[in-house]
Amino acid sequence: MMKVSVTALALSLALVAACSREDAPSTQPEAPAMAPAMQDEAQAEDTDQASQPDQPDAASETIGGDGSNIQLLPITADTGLDLEGELGCSFQTEPDNALLFIAKANVGDEFRARGGINNNGYAETLTGTETGGFSMLEADGGKFGGKGMILTLTPVEQRVNDGTETVSQSAKLLVQRADGAERTYQGVWTCGP
């Protein structure tokens, strides 16, 4: 009789367990079966994504060098540049109008212009490689050297004068680093009092 009770008890427990599995909602949805070809593609995508480092949204515009970017940041009041000179010019990118380069010079052919940039968060002062004063700065832009960098500002085309003493020209700013890297910014060169 004891055999029957143990067997009956085991059977009842098995039935209860089976019923509770059928009635209980599943907490995890079953994954749909994938065809073998789809499984291989999914595994290949996971491998590709894991092997690639985080990429910036836009490709670097720096060419050559050690692979690191040349990044001029906008000049603000907090940048800490203090340039001497009677008259000045500034270079702003288009279309976002970021102020990337400023230069000042005294009037007179014997003077060299001084320029300043925000080089990836560091204020840097550069000196014109030629004399010519403000008139050369306004007409030709110029070449400036400093801490492992050379900047060449080239005016391209005169813009319509707004009736003031300020002169604006389309221009390009070529930044070259000592390791051979270079980057060109397009914008506007504005000079005046």
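This is a predicted model: local features need pLDDT of at least 70, side-chain atom pairs count only at pLDDT 80 or more; totals for chains, interfaces and linings use all residues.
**Notebook: around strand E4**

I started at the hairpin that E3 and E4 form, with six residues between the strands. Glycine 108 sits in that turn and has a positive phi of about 135°.

Next I looked up how E3 (residues 99-105) pairs with E4: they run antiparallel, joined by three bridges. I found lysine 104 opposite arginine 114 of E4.

Then I followed arginine 114 to E5, where its bridge partner is threonine 127. E4 and E5 are antiparallel too, with seven bridges between them. Their hairpin leaves two residues between the strands, and asparagine 120 takes a positive phi near 55° there.

E1 (residues 72-73) also pairs with E4, antiparallel, through two bridges. I checked leucine 72 and got asparagine 119 as its bridge partner in E4.

How covered is E4 (residues 112-119)? Mostly: six of its eight residues are buried.

Glutamate 124 lies in strand E5 (residues 122-131).

Is glutamate 124 buried or exposed? I have it as buried, yet without a salt bridge.

Last, I listed what glutamate 124 touches, leaving out residues up to four places away in sequence. The contacts include Gly115, Gly116, Ile117 and Asn119, plus Leu81, Lys147 and Met149.

Definitions and conventions:
Residues are numbered from 1 along each chain as its sequence is written. Side-chain values use heavy atoms; hydrogens and water are left out. Helices (H or I, at least four residues) and strands (E, at least two) are DSSP runs, numbered from the N terminus. Buried means under 20% relative accessible area, exposed over 50%, partly exposed in between (1.4 Å probe, protein chains only). Lys and Arg count as positive and Asp and Glu as negative; His and the chain ends are not counted. A salt bridge is a side-chain nitrogen of Lys or Arg within 4 Å of a carboxyl oxygen of Asp or Glu. Contact means heavy atoms within 4.5 Å. Two strands pair if DSSP finds at least two bridges between them.
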